[in-house]
Amino acid sequence: MKRLFWLAPLVLLAACKPVVLSPSGDIAARQAELLVQSTLLMLIIIVPVMALTVFFAWRYRAANSKASYDPDWDHSTKLELVIWAIPLLIVVSLGALTWVGTHLLDPYRPLDRISAEKPVEEAPLQVQVVALDWKWLFIYPEQGMASVNRLAVPVDRPVQFTLTSTSVMNAFYIPAMAGMIYAMPGMQTTLHGVFNEAGEYQGLASHYSGAGFSGMRFKALALDAAGFDGWVAQVKAGGGTLDRARFLELEKPSENVPPMAFAAVDPQLFGRVVNMCVEEGRMCMAEMMALDAQGGMGLPGIANVAALADAEAPGIARPVLGLPPFQVSGICSIEEQAAMLAGAAPSDADGPRDLTPLRGRGLNAPQAILGLRLNPNRLTQSLPQDGADQNL
């Protein structure tokens with residue numbers, strides 16, 4: 001009994017459920033299959049090696065005088081064939097299994113079935129996921145609502161998660177539903193999954209992200225169609241709006257945040273989070289990239305801003321991502337800016353100014369770009385009209 005006493009702590013594991021090997025979703029179940037098959041293939045090598053290690057240690061022990069002794073032995077074709085051929089076959093089999101499984105279970109790949117017996121019959125539920133410090137935000141764009149640290153989805157309906165983060169890289173993981181995928185700031189990733197059994201499951205952050213990481217968990221509810229509709233109605237009845245100002249408050253670091261819900265959500269919020277422009281007056285990354293693709297916003301490329309203008313409405317910038325873009329109207333001196341703010345009309349009476357600090361290295365001030373003429377005194381975008389400049 002004393003020798004077996006060290007096994008007593010194993011009793012505590014009796015209440016644990018092997019979720020990874022006994023999941024409730026088709027994608028997670030297929031991943032579990034791949035894990036078991038790969039392990040069994042590797043055991044074909046591992047078990048004989050471990051057994052032979054014990055056998056050789058016992059067979060050729062110093063006390064065994066009957067064991068053969070051949071100090072001049074150095075090669076055996078049969079042994080070489082066994083040693084190299086069998087592992088090679090195992091590696092080839094593992095490679096084929098992994099290749100097929102990796103492409104079949106690609107998180108970006110839409111589901112081809114609900115389960116082994118059920119094909120996909122309806123469009124996936126869209127859920128936008130934002131990893132915050134230290135909580136999870138779930139936005140339901142189709143329902144126009146959001147929840148924090150609580151996810152509810154219908155059983156036997158595909159779910160398409162679109163994920164991002166606000167500060168550091170994090171990892172989204174519901175072991176019973178699908179595999180893990182990273183959420184990164186300024187980027188967008190995708191994960192497809194499905195629940196085949198109703199119930200309450202555990203979701204978590206599986207990548208360390210700071211002081212509140214241990215409390216960054218949430219409940220994932222798999223409900224039947226009526227139960228999901230009831231949950232949506234309950235959230236709608238609870239009221240509350242998640243707009244940009246409320247999101248900035250929610251974004252502040254906090255730990256062990258209780259579940260909360262919002263009956264309405266800004267439809268542009270997730271796009272702004274991905275493009276890191278939730279704050280008022282901050283340019284979105286999509287705007288920056290659109291401008292950079294056309295030469296940037298320095299003096300050599302200042303006229304490129306006009307290229308964002310709609311051809312049918314000259315002078316009106318075409319929005320990127322549906323958001324009102326920033327537009328350069330001119331580069332003026334501090335005195336000129338002050339005069340314009342005071343209501344005075346702009347003047348070029350001061351004569352040409354030194355443009356050297358504003359020019360790119362080795363470049364002259366542009367005089368005509370994309371059909372625009374630039375007044376060297378004011379450097380504002382202008383269009384030719386009857387021989388005179390008309391400021392945009």
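Author: A disulfide is a pair of cysteine sulfur atoms within 2.5 Å. This is a predicted model, where local features need pLDDT of at least 70, side-chain atom pairs count only at pLDDT 80 or more, and totals for chains, interfaces and linings use all residues. Residues are numbered from 1 along each chain as its sequence is written, and side-chain values use heavy atoms, with hydrogens and water left out.

Reader: Why is the pair Cys-277 and Cys-284 called a disulfide?

Author: Their sulfur atoms are 2.0 Å apart, and the cut-off is within 2.5 Å, so the pair qualifies. The structure holds one disulfide. With 80° about the S-S bond, this link is right-handed.

Reader: What makes Cys-277 and Cys-284 buried?

Author: Buried means under 20% relative accessible area (exposed is over 50%, partly exposed in between; 1.4 Å probe, protein chains only). Cys-277 and Cys-284 are both buried, so each falls under 20%.

Reader: What makes a set of residues a nonpolar core?

Author: Its members are buried Ala, Val, Leu, Ile, Met, Phe, Trp, Tyr and Cys residues joined through side-chain atoms within 4.5 Å. The largest such core has 40 residues, of which Tyr-140, Leu-151, Phe-161 and Phe-172 touch the most other members. Apart from it lies another core of 17 residues, including Val-130 and Val-265.

Reader: Which residues does Phe-172 touch?

Author: Contact means heavy atoms within 4.5 Å. Not counting residues up to four places away in sequence, Phe-172 touches, among others, Val-129, Trp-136, Leu-204 and Phe-218.
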